[in-house]
Amino acid sequence: MKMTIARKLWLGQGTLVLFFLITCVFTGFNIRLVENDLKKLTQEEDPIAQVVRKISISVSDIGIGVWKYVTTADLRYRKEVENHATQFGQYKAQFDQLAKTEERKALGSQLGLLYKEYQSLRETLMKTRDEQESVHTKITENFQEMSQSVHEKIKEGKNLSITGFISFDNLSPHPNPLP
């Protein structure tokens, strides 16, 4: 049997259509796989990633707030630290809800333990700052009382001497400036 040109064209065209159909089926299957992966990513992975970012920001904000409180003793920074700590607790609870695998649950537990240690250090730093502020205030008050007492005794013209250390003999209320 002889192949005519028409038959050759139909056979070639049929082969191309068959390859086209196989390619379409293969492409459709791959598109479906990508859709499933995208759904998994957007429904499971992305919310966890967002919560992890929020946790990271919250911990950074706590650290910055503690540093500001320790350097300034301004109570608004202490309140900010407490607000960020509350936010951290909320984000940690969200992470625990979203954690479905054992690995993520273990990471959540480890995060909780590390945060407790972080919280303890935070409280220690702020408590130490409060104690320093209290000591500084007491020293300042005592110095002011001593200074006032010394000035009163100088005005009264009394002889002030601290045995073996300092003598306040012949002091006038207004000492002469240096030349």
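Q: Which residue meets Arg78 in a salt bridge?
A: A salt bridge is a side-chain nitrogen of Lys or Arg within 4 Å of a carboxyl oxygen of Asp or Glu. Here the side chains of Arg78 and Asp130 form such a pair, at 3.4 Å from N to O. Arg78 belongs to helix H2 and Asp130 to helix H3 (residues 102-156), so the pair ties together parts that are 52 residues apart in sequence. Helices are DSSP runs (H or I, at least four residues), numbered from the N terminus. This is a predicted model, in which local features need pLDDT of at least 70 and side-chain atom pairs count only at pLDDT 80 or more, while totals for chains, interfaces and linings use all residues. Residues are numbered from 1 along each chain as its sequence is written, and side-chain values use heavy atoms, with hydrogens and water left out.

Q: Is Arg129 buried or exposed?
A: Buried means under 20% relative accessible area, exposed over 50%, and partly exposed in between (1.4 Å probe, protein chains only). Arg129 counts as buried, at 15% relative accessibility, whereas its salt-bridge partner Glu133 is partly exposed at 32%. Their closest N and O atoms are 3.3 Å apart, and the two residues, four apart in helix H3, are separated by about one helical turn.

Q: How many salt bridges are there by this rule?
A: The count comes to six, and Glu82, Arg122 and Glu123 are linked in a network of them.
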